Every structure is written in structure tokens, then in C-alpha cells.
Amino acid sequence: MIDPASSAAPPRQVRRRPKNRRAQIAAESAAAFGAHGYHGVSMDEIARRLDISSTALYRHFPSKYALFREELLRLSGLALSAVELPAAAVEWSPRQRLDHVLDAVIVLTITNRPTVALARWERRYLEPVDFVEFTDQFTTAIATVRAMIREVRPELDGYDRVVRAVSLFAVISSIGDHHVTMSVKALAPLLKATVWAMIDADLSGERDAARIRGAGERLPPFKHELLLRKAVELFHEHGYPNVSVEDIAVASDLSAASAVYRYYRSKSDLLAAAFRRAADRVSGAITPAVSAANTPAEALETLIDLYVTGSFDERALTFVYYAEFSHVDRADQVTLRHLQQVIVTEWATLVTEARPELSLGEARILVHASFSLVVDLGRTFGDDGICPPDRVIRLLHAVALGRPLPS
């Protein structure tokens with residue numbers, strides 16, 4: 001005789017919704033957006049990464065944009081909170097107050113590294129009203145830090161203070177640009193020491209004009225060069241996904257989009273060419289700089305000069321190099337990522353030779369911070385004269401070498 005209990009169906013397992021499901025969705029989407037770009041990720045993909053249905057995902061967020069918006073505005077709100085001082089700070093010295101805020105900003109950034117990466121390069125896809133709110137919150141945070149820098153270094157003028165305030169946020173948030181891993185116990189003090197080196201640095205004086213001058217007048221480019229230049233300008237202004245081959249043809253005074261294909265196979269081919277141009281500019285300078293220098297520090301000084309001047313000469317290209325990597329074809333990504341790693345390692349090796357107290361991993365963090373700092377200062381201040389190349393060069397010396405450039 002069959003026991004009815006033994007033949008009964010096994011009890012159905014009930015999957016309970018986690019109490020922090022919304023936070024899990026936000027964290028997973030930030031990681032996906034940061035890795036593949038806002039346009040490169042769908043709601044279905046986010047649902048798959050979380051092992052939930054699309055219906056469950058839409059219960060929390062009505063659209064991909066709503067998810068994107070909430071995560072970025074969460075970060076900007078946290079930035080405002082990080083620069084607030086406790087009541088006890090009234091008894092602290094100006095340097096102690098700023099040090100407290102730096103600790104808070106660093107912890108915030110490390111804890112939210114994927115969202116920081118998303119905010120740095122994808123925030124331009126926020127709708128206008130949301131972009132203004134996001135920008136206003138970060139601007140307020142920067143202004144708060146600028147006021148604290150004034151208390152620490154009252155002799156600095158207003159421009160100098162704002163440059164340092166922007167720079168410290170750039171250096172700290174640069175950890176969103178790469179995947180170098182390091183324990184929080186080691187990373188936090190490295191970032192703080194680097195930021196203090198920038199705050200304390202003497203940025204006065206000028207470099208040899210011959211070393212920091214711009215490229216000067218250029219001859220009219222060949223058509224393939226003009227196409228690349230116009231494509232980069234459009235990618236920089238509108239974002240790669242929002243630019244068509246037709247847009248590039250019009251900007252280059254070509255009669256039809258088909259004319260572009262005489263020079264480049266596709267829009268993605270233009271983007272890959274831009275990345276190779278930027279990488280070759282940096283990698284090509286390493287061997288001559290090292291060969292001509294007497295010390296690793298001298299080689300770094302030369303490389304910093306060349307990197308800053310080259311980035312200022314081709315500011316749009318430098319920005320595209322950082323912002324659009326997720327849109328490069330996968331096959332080209334492998335090659336370009338390898339070249340990027342070689343460049344960073346070569347620079348980092350020079351940093352460790354000049355500063356033997358640092359590990360190679362710490363040096364890589366500082367090299368990435370140096371590269372990111374140039375991009376952020378360029379897009380923040382442009383050509384308004386507030387942050388000219390010689391000032392940026394001195395800041396990079398403070399970051400990479402831990403000391404200002406000799407006058």
C-alpha cells in the first residue's frame with residue numbers, strides 16, 4: 001500500500017523578495033552602466049544579472065532612465081553630505097576640518113566606485129533638469145571644499161583655490177576610471193596623502209615656454225584626417241551613440257554619408273582610430289623621454305610635460321579616449337586595453353624608481369589619477385585661462401612625484 005504522504009508533491013519553495021531589493025538593483029545597474037555605458041545596457045540585461053524577471057524590475061523602476069537618474073542623484077546627494085561638518089568641528093583647526101571632509105569624500109568614493117565611474121563619463125546623458133540638479137549639488141560640494149582650502153591657505157587667490165578643489169575631487173574619483181585593486185586600508189591614505197600634496201603645493205612660476213606652448217598653426221588636413229577630427233569633435237559634444245555617419249559627413253563637408261566609407265569602414269572604425277591616435281601619442285613619448293633623462297624623475301617630468309601639452313592641444317580626443325571605451329568594438333578593446341596597461345605600467349615603474357617607498361600598485365593608482373586629473377581640469381576650465389598647462393603640470397608633479405615642480 002502506498003503511503004499518501006510519500007507520494008505528495010514536495011512543498012513549493014517561496015522566494016521572498018529581499019528587503020533591500022531596490023538597493024541591489026541600483027548597485028547592479030551602476031556596475032553594468034559603468035562597464036558598458038548607459039546606452040550599452042538594457043533593462044532585460046540588468047534583470048538577468050539580478051536573476052529576476054523584467055516584470056519584477058519594472059515594479060521598482062519604470063524605465064532604464066529612472067534607474068540611471070536615481071543612482072546619479074543619490075551620488076551627488078551623498079557628496080553634499082560628505083562635505084558637512086559635525087558640530088564638534090567648531091573646535092577643530094582648519095586643517096583638521098578639511099582632513100575630516102577628505103576622509104568622508106574618500107570613503108564615499110571607494111564605497112560607490114561603480115557609480116563614480118558612471119557619473120564621471122555618462123552624466124551627460126541626464127535630462128537637462130536632472131543634469132542641472134546633479135551639477136548644482138557637486139558644485140556646492142566643491143565650493144564648500146574651496147572655502148575650507150581658503151582657511152588652510154589664505155594666501156591663495158580664488159582661482160587657485162577652485163583649481164585645487166576641483167583637482168582633489170578629480171584625483172579621488174579617478175579610481176572609477178580603472179580596475180586596479182587595492183585594500184581600502186592602503187588606498188584611502190594614499191589618496192589622502194596625494195590630495196594634501198596638491199593642496200600644499202606651490203603652483204606659482206612658469207615652465208619653459210618652448211616646452212608648454214601649443215601646437216601652433218596646422219596645415220589643412222588630408223580628408224581622412226579631417227574626418228577623424230570632425231568625428232572626435234562630434235563624439236565629444238554629443239556622445240558616440242548620438243552621432244551618425246551622416247552627421248560626420250555633413251561636418252566634413254562631404255556630399256553623402258557613403259563618401260565616409262571611402263576612408264573608414266564604419267563609425268566604430270573611426271572611434272577605434274581615435275583611440276589608437278590617443279594611445280600612440282602617449283606611448284610614443286616614453287622611450288625618447290627615458291633615453292634622454294638622467295634620472296627616473298627627469299623622465300617623468302618630460303612625460304608629464306608632453307602629456308599635458310598633448311592633451312591641451314587635443315582636448316576633445318583626450319575626453320573621448322576616456323568616455324567612449326565601452327563603444328569600441330570588442331576585438332579592438334582587447335588590443336587597446338593591453339596598450340593602456342603597458343603605458344600605465346611604464347609610467348608607474350618610473351614613479352616607483354623615483355619614489356621607492358611606493359609599491360607598483362600604488363604607483364599605478366597615482367598614474368591613473370594623473371591622467372584623469374588632466375581630463376577633468378580640461379573639461380571644467382577649458383581655455384578660460386584659470387588653469388593653464390603650466391599649472392596642470394605642477395599639479396601632476398605633486399600627484400606623481402609627491403612634490404611640486406622646482407621653480
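Student: Which helix gives the most to the lining of the second largest pocket?

Tutor: Helix α8 does, with 8 residues. Before going on, note that this is a predicted model, where local features need pLDDT of at least 70, side-chain atom pairs count only at pLDDT 80 or more, and totals for chains, interfaces and linings use all residues. Residues are numbered from 1 along each chain as its sequence is written, and side-chain values use heavy atoms, with hydrogens and water left out.

Student: What counts as a pocket, and what as a lining residue?

Tutor: On a 1 Å grid over the protein atoms alone, a pocket is an open set of points with protein on both sides within 12 Å along at least five of seven lines, while a cavity is a set where a 1.4 Å probe fits but cannot get out; lining residues have an atom within 4 Å of a point. The second largest pocket is lined by 32 residues, and those nearest its centre are R123, F138, I142, R379 and T380. About 820 Å³ of space lies in this pocket, a volume being the space filled by probe spheres set on grid points joined across faces, edges and corners.

Student: Which helices each supply at least two residues of the lining of the second largest pocket?

Tutor: They are α5 (64–82), α6 (94–111), α7, α8 (128–152), α9 (158–173), α12 (223–238) and α19. Helices here are DSSP runs (H or I, at least four residues), as strands are (E, at least two), numbered from the N terminus. By class, the lining of the second largest pocket has 18 nonpolar, 6 polar and 8 charged residues. Ala, Val, Leu, Ile, Met, Phe, Trp, Tyr, Cys and Pro are nonpolar, Asp, Glu, Lys and Arg are charged, and the others, Gly among them, are polar.

Student: What is the volume of the largest pocket?

Tutor: The largest pocket has a volume of about 1,100 Å³. It is lined by 40 residues, and the closest to its centre are D177, H178, H179, R337 and Q340. The helices that each supply at least two lining residues are α2 (21–36), α7 (113–122), α14 (267–283), α17 (315–323), α18 (330–354) and α19 (360–381). The largest share, 8 residues, comes from α18. The lining of the largest pocket divides into 20 nonpolar, 13 polar and 7 charged residues.

Student: How is a pair of aromatic rings described?

Tutor: By the distance of the centres and the angle of the planes. Rings of Phe, Tyr and Trp (its six-membered ring) pair if their centres lie within 6.5 Å; planes under 30 degrees apart count as stacked, over 60 as edge-to-face and the rest as tilted. This structure holds 15 aromatic pairs. One of them joins Y65 and F68, and this pair is tilted, at 6.1 Å centre to centre and 55 degrees between the planes. Both residues lie in helix α5, 3 residues apart, which is about one turn of the helix.

Student: Is F68 buried or exposed?

Tutor: F68 is buried, with a relative accessible area of 0%. Buried means under 20% relative accessible area, exposed over 50%, and partly exposed in between (1.4 Å probe, protein chains only). Elsewhere, ring pairs link W121, F275, F319, Y321, Y322 and F325 into a cluster.

Student: Which charged end sits over the ring of Y240?

Tutor: The charged end of K267 does, 4.0 Å from the ring centre. A charge sits over a ring if NZ of Lys or CZ of Arg is within 6 Å of the ring centre and within 35 degrees of the ring normal. The charged end of R95 likewise sits over the ring of W196, at 3.9 Å from its centre.

Student: Which residues does L108 touch?

Tutor: Leaving out residues up to four places away in sequence, L108 touches L75, L78, A79 and A82. Contact means heavy atoms within 4.5 Å. L108 is in helix α6, and its C-alpha atom is separated by 7.4 Å from that of A82, 26 residues apart along the chain. At 12% relative accessibility, L108 counts as buried.

Student: What is the phi of D51?

Tutor: Most residues other than glycine have a negative phi. Phi of D51 is positive, near 60 degrees. D51 lies in the loop between α3 (43–50) and α4 (54–60), and at 56% relative accessibility it counts as exposed. D253 also has a positive phi near 60 degrees. D253 is found in the loop between α13 (245–251) and α14, and its relative accessibility is 70%, so it counts as exposed.
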